[in-house]
Amino acid sequence: MTNSSTLDIDRPLETANAFQRFAIAADQIAATTKRLTKAAILGDYFVALADEDLRLAARYFAGTPFPQFDQRVLQVGGSALMTALVTVSGVEPDTLQAALVQRGDLGDVAAQFLPNTTAPSLQLSTVEDAFTELVNTRGNKRKVEGIVNLLRQATPLEAKYLIKLMAGDLRIGLREGAVEDAIARLAQQEVSRIQWVNMLTGDIGETALLARHDQLDTAKMRLFHPIKFMLASPVEDFDEISRRMPQGFAVEDKFDGIRAQVHIAPIAANSTPLLHGVTTEGMRVALFSRTLDEITATFPDLIAPLASIYPEALGTDASAGLILDGEIVPFQGDRILPFQDLQKRLGRKTLMDELLQSTPVAFIAYDLLYHQDKVLIESPYEVRRSLLESLPLNTDRVRRANAQRFSDVAALDQEFQAARDRGNEGLMIKQIQSTYKPGKRGKDWLKVKRAIATLDVVITAAEVGTGKRSRFLSDYTFAVRTSETDPTLLNVGKAYSGLTDAEVQDLSDWLKQHTLQEFAHGRVRTVEPQIVLEVTFDRVQPSKRHKGGYALRFPRILRLRPDKPAHEIDTLETVRKLADHSPESPP
Ligand code: AMP
């Protein structure tokens, strides 16, 4: 174990107050790349905490101000944090901006510029109260005031981590998995057990306490918080499928819509006020997106249909409910419509009846993760599938994906074409014995997509356009990740066309609010890398101008991907592969 007092820090861990100790431990963790040392520092820090502090510290080290089951968000953007920092530090905005460009992290900038005049007094619980208040504060101005107030009570080191927490990432090379590791070590438990309880409760803080008090067995699934989604890997050709799944596989259409997880339960069973969803006729229903955000309000027309599929026979026990995994698609009659139709409904604050009428949707279920009182994710696909088939999923608005068993890939060509003719993107191939692996992109689900090459990229900078788009930030520079393990973004191109005027307008507003740095009087801006685009292009060519060494030629935006988080975009490796397949560059 590391002896924290021998580490090179200004103030030894054990003599500092609670939030200062959190910040010191975070700094120590950031200073080492060794996983074991990180875990040891975390363990030393956790062990000395009182229960309530442990609950909060575990959450904060997982990088989130609130437990995962609790969908509250601070809604504090980079520009609000910057404005608050300007006020508290008294430093010129330009100086802070320049430091931000250099350091790339506003928390680090705060540590550099805030005066070292405040004695540490913040407790973890004070921070929790301040975060709660921020959630309840409406309006940017008042939010900034709230942040200023909090930062004024903080030492520079504390401010550094308050800002990182509010920005949603500690950036100390620690993920929730490492926190689970540390909890497991302290309680001398298998880490898989801790992960399981964390998944059930949706709260790493509660998990830490249950582990400390040897009560992991008592953990119950908390419905109405999202379980991470299982993801699929792409396949190059059908051969790979026969190699990976020689015993046979299930084939489903790959729907082109929005991934959604649906929770349904009788109200009496789940009446805790913090729980999410809406109620209708004795049932509670919630929908969550792939980014684990609640999207119930975007689909009011699905609520009653979803509530109606709950079989009475499952009862109204406290733990009774269903969790379905599936896709929301634009749907009319018995036809799936193009994805673009669905986009009209996304990102709107209010949904007019007209819009609901003109873009009807359906939820197509393809997996079942919880049934009655049982978590099913450790059951094989075929067991989950047969339970899914026992549910009445055959209404206009709620349907079940067809699944066929095959043992020979020869039939897949025809199936692929048939799926395309039904308006779907391609096929999903699923290993029949596989368990549901939350948050994993493994080889148990394989996706066979359309032939044209596309990349999922994130916008890193935007520029005011020309002509009728000269009022908007409409030209987007976009990037891919360096690799699955290295999140550094590398720009690979710039796109101008492909979005509708309404989308350009909305996006322009968003980009202005999430600007990191302005140039040319705001005509060019670097922005928070959060908006994911699916782009297509002529080909990939080597480029000296781009750090990653490649650029896309004639990129066009196919669509916005609000359902995809930025950390799931494509990597440079994919770009490189596509470059290998691109025709030779002209001389
Ligand atoms: P991609 O977005 O290209 O990474 O492909 C994975 C996505 O395909 C999933 O996140 C789902 O939203 C979607 N999908 C469509 N149909 C299915 C299906 N039958 N099973 C699983 N995922 C599906």
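**Confidence of the model**

The pLDDT is the predictor's confidence in each residue, on a scale from 0 to 100. The structure shown is a predicted model. Its chain has a mean pLDDT of 89, with 93% of the residues reaching 70 or more. Residues 1-13, by contrast, have a pLDDT below 50. In the model this stretch makes 25 contacts beyond near neighbours in sequence. Where pLDDT is low, the predicted coordinates should not be read in detail.

The domain assignment divides the chain into domain 1 (13-167), domain 2 (231-448) and domain 3 (454-581).

Between the C-alpha centres of domain 1 and domain 2 there is a distance of 38 Å. Contact between these two domains involves four residues of domain 1 and six residues of domain 2. Together they bury about 460 Å², of which 58% is on carbon and sulfur atoms.

**Helix α4**

Helix α4 comprises 12 residues, 78-89. From its first C-alpha to its last it reaches 16 Å, close to the 16 Å expected at 1.5 Å a residue. After α4 comes G90, which has a positive phi near 70 degrees.

Which residues of α4 are buried? They are G78, A80, L81, M82, A84, L85, V88 and S89. The packing partners of these buried residues are α5 (93-103), α6 (106-113), α8 (140-152) and α9 (156-167).

Note on methods:
Residues are numbered from 1 along each chain as its sequence is written. This is a predicted model: local features need pLDDT of at least 70, side-chain atom pairs count only at pLDDT 80 or more; totals for chains, interfaces and linings use all residues. Side-chain values use heavy atoms; hydrogens and water are left out. Helices (H or I, at least four residues) and strands (E, at least two) are DSSP runs, numbered from the N terminus. The expected span of a helix is 1.5 Å times one less than its number of residues. Buried means under 20% relative accessible area, exposed over 50%, partly exposed in between (1.4 Å probe, protein chains only). Contact means heavy atoms within 4.5 Å. Domain bounds come from an automatic or database domain assignment. Buried area is the accessible area (1.4 Å probe) that two parts lose on being put together, summed over both.
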